[in-house]
Amino acid sequence: MDCGRCSLNGGGGSEGQADDRQGSGGPQNGIITLEDLESFSEDQLSDSGNGSLEEGEMMEEDGDRLLHYWQNVGSGHRVEVSRDMAEPIQQITSNNNGTHPRESVPYVFISRKEKCGDVLYEKRHYEKAHWACITVKEDTYEQSICYGFMRIMKYICQQNSLGTYLGMTIPIVTVVRTDEMHTTLSRMVTIAYYLPINHQAQPPQPNDSEIVIEQWPATIVYTRAFTGATNEITIINEINTMAELLDSPGICISDSFIVAGYTNPAAANRQNEIWFLERQ
């Protein structure tokens, strides 16, 4: 995964870091990600409050309700969620009316390190694959994540050369960059979406010129699971914890890491992983 604009070759870790720390000690429940959009239950989506609405009207009302929800969430991080996000939000929330099962990024388990029955970290092998990536640098780290995810979301939802919904895959990953001492995150982040298996051979091209399709090479990944919020403080803590646990931290890239998100970040027990990538 040491590839191009994802800057996992040790580059990009120092730019603009003096002012990158946001000092947000609490959970960043307002961060908009693709996983958030699947957090609504069928009951929530169908509770329109008016049983006489036609199906199309109900879908339109649900879309408006979801859009307003994300506009409210985004405002907490000074993120504008525009009207043209209504359809992508609706499509991903309903998983395009259930026509696309969620697909996991495939890997081969190699080994794990345990202590007193607890898994400290796993070692995995990920095959080369195509990912859609966008690198964003906004005024704050949270804004970078929000705006990057929304643009990836549009790519998934028809703004691609096929003009179709591509389907959700998990995890959605964020490449984060740190200073040499792992004390500060850069607000420049790369959001990456694994192309579903049926699109790997011929990836649909994005309409957005800043989204690039990259083939990440086969990679050994050291990964540690953690739960809860993913903000700048928790990510830095997880990076430092993982560095202490690794038997040979020097074999991994030292200033770029991946945060993998599997569940809704607003959930009380959000499932995440921190990934360290072995040097090529």
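**Helices on the sheet.** I started with helix α5 (residues 141-156), which lies across β4 (129-137), β6 (172-177), β7 (188-194) and β8 and runs at about 30 degrees to β7. Helix α6 (residues 232-245) lies across β2, β3 (118-126), β6, β9 (219-227), β10 and β11, at about 125 degrees to β9. My angles, from 0 to 180 degrees, are between N-to-C directions of lines fitted to C-alpha atoms, for helices over the stretch in contact, and contact means heavy atoms within 4.5 Å. Helices (H or I, at least four residues) and strands (E, at least two) are DSSP runs, numbered from the N terminus.

**Ground rules.** I noted that this is a predicted model, where local features need pLDDT of at least 70, side-chain atom pairs count only at pLDDT 80 or more, and totals for chains, interfaces and linings use all residues. Residues are numbered from 1 along each chain as its sequence is written, and side-chain values use heavy atoms, leaving out hydrogens and water.

**The sheet.** Next I traced an open, antiparallel sheet of 9 strands, ordered β2-β3-β9-β11-β10-β6-β7-β4-β8; strands pair if DSSP finds at least two bridges between them. β2 (108-115) and β8 (212-216) are the edges: each has a single partner strand, so one side of each lacks a neighbour in the sheet. The twist from one strand to the next averages 30 degrees.

**Cores.** Which residues touch the most other members of the largest nonpolar core? I found I156, Y193 and F276, in a core of 42 residues. Helix α5 gives the most to this core, with 8 residues. A second, separate core of 16 residues includes A129, V173, A192 and Y194. A nonpolar core here is a set of buried Ala, Val, Leu, Ile, Met, Phe, Trp, Tyr and Cys residues joined through side-chain atoms within 4.5 Å; buried means under 20% relative accessible area, with a 1.4 Å probe and protein chains only.

**Aromatic pairs.** I counted 7 aromatic pairs, taking rings of Phe, Tyr and Trp (its six-membered ring) with centres within 6.5 Å; planes under 30 degrees apart are stacked, over 60 edge-to-face and the rest tilted. Y126 and W275 have ring centres 4.9 Å apart and planes at 35 degrees, so this pair is tilted. Y126 sits in strand β3 and W275 in strand β11, so the pair ties together parts 149 residues apart in sequence. Y155 and Y193 are edge-to-face, 6.3 Å centre to centre with 80 degrees between the planes.

Notes
Buried means under 20% relative accessible area, exposed over 50%, partly exposed in between (1.4 Å probe, protein chains only).
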